[in-house]
Amino acid sequence: MRMASTDIKSVLVENRVFPPFADIEKNATISGMQAYDDLVKEAQQDPNEFWGRLAKEHLNWTTPFTQVLDESEAPFYKWFSDGELNVSANCLDRHLGTPTENKTAIIFETDDGKVLRVTYRELYDRVCEFANGLKALGYKKGDRAIIYLPMSIEAVVAMQACVRLGMIHSVVFGGFSSKSIHERLVDVGASLVITADEQMRGGKTIALKPAVDEAIATGGCQAVRHVVVYRRTGGNVQWHEGRDLWMHDVCQGQAGPCEPVPVNAEHPLFILYTSGSTGKPKGVQHASAGYLLWASLTVKWAFDAKESDVYWCTADVGWITGHTYIVYGPLAAGVTQVMFEGVPTYPNAGRFWEMIQRHEVSIFYTAPTAIRSLIKAAEAQPECHPRKYDLNSLRIIGSVGEPINPEAWMWYFKEVGRERCPILDTWWQTETGGHMITPLPGVTPLKPGSCTLPLPGIEMAIVDETGTDVKSGTGGFLVVKRPWPAMIRTIWGDPERFKKNYFPPEMKGYYLAGDGAQRDTDGYFWIMGRVDDVLNVSGHRLGTMEIESALVSHSLVAEAAVVGRPDDTTGEAIVAFVVLKRSLPEGDEAAKIAKELRDWVAKEIGPIAKPKDIRFGENLPKTRSGKIMRRLLRNVARGEEITQDVSTLENPTILDQLSQSV
Ligand code: 6R9
């Protein structure tokens, strides 16, 4: 593991503090520092009592639990494990017969600006209809479904319908390639795939079904019985009779209630793949009750969601943020939310602000990468500047996915939040299920660039390589000292990797997050970025090893090393150092091969994994034992002066070669 020590200088000299706004504090669910401290104390004094109380208050159980936390097989923790419930019933059925029943659940805006609305009642009806259809096809509790859908009400319906039957879904982001779908299909042993003909993004049509067809044709997917296709555009698709079914045909004649299947609290709710430092992406497995408890609780605590709020999370349902903060948390909390099919820059870079104005959004949650690109766009096209729009409806604005630099934070605060909306810089991960460190709008004084303080019940710490707490102001590894209900349960099919990765022996039983962090004298957390070989490009997690394996699987490539380089817009950019099996290419030839390799990576993993910069060399810098000197390559990628000893290099001229961009 490496400690990231760069890129944080600007945040460490940050000393502005913004106290909570009185109007927000007055009405907040958790109001005032005393209320926060009381909850923190309650959780510390008796965690079982604390979590047990919340699980009773916020979830509907078909069989109540009698035990809160079971540590007998740590780190395979179990929560509420003799209780039973259904997650879909906790998102939909619970609102029937209440005023929420006829409230709008989702305001869906298409890429080309059409607006569709469903109430909680209508969403319930649609989920039941589709779940009945799946049941009629023989799907049942425990079966796995791969979902490869665009942002749509149908995506929510598909996920909720699976969960209603006790099925386990694994959503694959629409930007991933057929190869990525194939890996996940085989790994989860899916018997069902739910996809669409095509998706619409930024005025363009992008086919989805061919990637599924290709993935299944690759082989090893005998378990797949059906491919259910949502007709989004009506574009041409190849049809496999007997296997492929239209979603509307599956729903045909299936109207009426569908009994939610009660499952054990620990029943896997979903598997979501994320990149790790080694090998293939890992299937993060979440459990039903603990995850949903935290999803709905953090919507109430952190977003302070109220009856009258219009909430909008701009993430895609293919990522954890879309799972927790679109599909599960807001529905369980009965919130009205906006959901968006398209991209922030179409038809122009004012789209987000225009949508906030149109739908009177009061809680807005997006990623630093989007903010940074919209800052640039606003400079280039003044008509798209947020100041041109009426953003008075906003009350709370949030950020997730990567560190938000103080400059971007200030712009977001001033230009979008108009200096009257708190920014929630929420730190969390696919593995944590929901927010872990975040300001609370009615409690926490804000410091630009800091995610501030842990939520009540979450025991965060920063430790050294022996698992010992470090002093404030010293960098170290971010860990969670006590289990929490929404934590990852295991890596699907690989419990050993789960233990090794997240609970290494030197960490004394703490959960190791994989991020470096520091705490200041107020106890505020400052995240410094990953300490493993995981890159964060536009908020997307990518393993350097994954990209390297994709590169070396190309017939021209002998060896490849991938590192990250800071980037103004995407946070980090991918730089690939490549040794070809042939002689060193030059000029047009080098450019041609670089393009071919970029397209190759897009095909192997997905366009998000395309290296921004490819550098060719006759060799890579290696230690005497043959290890690639990644730290040196990181310096080269950043164009930094090389200060370390390179005398052991066989051929120092390769550093000059590798400094040249194609
Ligand atoms: C929710 C999500 C997790 C990694 C995490 C960290 C980075 C997320 C952050 C942040 C600084 C924040 N990260 N939120 N870094 N400040 N507010 O993004 O999950 O895709 O699993 O990524 O993202 O490095 O370890 P995931």
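Asn-635 is buried, at 17% relative accessible area, where buried stands for under 20% relative accessible area, exposed for over 50% and partly exposed for the range in between (1.4 Å probe, protein chains only). This residue belongs to helix H19 (residues 630-637); helices (H or I, at least four residues) and strands (E, at least two) are DSSP runs numbered from the N terminus. Setting aside residues up to four places away in sequence, Asn-635 touches Glu-640, Ile-642 and Gln-644, a contact being heavy atoms within 4.5 Å. The model is a predicted one, in which local features need pLDDT of at least 70 and side-chain atom pairs count only at pLDDT 80 or more, while totals for chains, interfaces and linings use all residues. Residues are numbered from 1 along each chain as its sequence is written, and side-chain values use heavy atoms, with hydrogens and water left out.

We can now turn to the domains. The chain is assigned a domain 1 (22-456 + 493-516) and a domain 2 (538-659), with bounds that come from an automatic or database domain assignment. Their C-alpha centres are 34 Å apart. Across the boundary, 24 residues of domain 1 are in contact with 19 residues of domain 2.

The largest nonpolar core counts 170 residues, and Phe-80, Leu-123, Phe-130 and Tyr-328 have the most contacts inside it. Here a nonpolar core is a set of buried Ala, Val, Leu, Ile, Met, Phe, Trp, Tyr and Cys residues joined through side-chain atoms within 4.5 Å. Because domain 1 and domain 2 both give residues to this core, it lies between them. Another core, of 36 residues, lies apart from it and includes Phe-18, Phe-21, Ile-371 and Ala-408. In soluble globular proteins, nonpolar side chains tend to be buried together. Leaving out neighbours within four places in sequence, Leu-123 is in contact with Leu-92, Ala-105, Ile-106, Val-118, Ile-153, Val-156, Val-157 and Leu-331.

Strand S4 (residues 104-109) and strand S5 (residues 115-119) pair in the antiparallel sense through five bridges; two strands pair if DSSP finds at least two bridges between them. Thr-104 has Thr-119 of S5 opposite it. The two strands make a hairpin with five residues between them, and Gly-113 in the turn shows a positive phi of about 90 degrees.

Four strands take part, in the order S21-S22-S24-S25, with antiparallel pairing. Strand S21 (460-463) and strand S25 (525-530) are at the edges with a single partner strand each, so one side of each has no neighbour in the sheet. From one strand to the next the twist averages 45 degrees, with axes taken as lines fitted to C-alpha atoms, for helices over the stretch in contact, and angles running from 0 to 180 degrees between N-to-C directions. S21 is joined to strand S22 (residues 476-480) by four bridges, and the two run antiparallel. One detail of this pairing is that Ala-461 has Val-479 in S22 as its bridge partner.

Helix H9 (residues 209-217) has Lys-209, Ala-211, Val-212, Asp-213, Ala-215 and Ile-216 as its buried residues. Their cover includes strand S6 (144-148), helix H8 (178-188), strand S8 (192-196), strand S10 (204-207), strand S11 (226-230) and strand S12 (244-246). Just after H9 comes Gly-219, with a positive phi of about 110 degrees.

Several loops also hold backbone features to look at in the model. The peptide bond from Ala-74 to Pro-75 is cis, with omega near 5 degrees, and Pro-75 is placed in the loop between strand S1 (69-70) and strand S2 (78-79). Tyr-346 and Pro-347 are likewise joined by a cis peptide bond, with omega about 0 degrees; Pro-347 lies in the loop between strand S17 (336-340) and helix H13 (351-359). Arg-418, a residue other than glycine, has a positive phi near 50 degrees and sits in the loop between helix H15 (406-416) and strand S20 (423-426).

As for the cysteines, the structure holds zero disulfides, a disulfide being a pair of cysteine sulfur atoms within 2.5 Å. For Cys-91, the nearest cysteine sulfur is that of Cys-128, 13 Å away, and Cys-91 is buried at 0% relative accessible area. Cys-128 is buried too, at 1% relative accessibility. Its sulfur is 5.6 Å from the closest cysteine sulfur, in Cys-258, which is too far for a bond.
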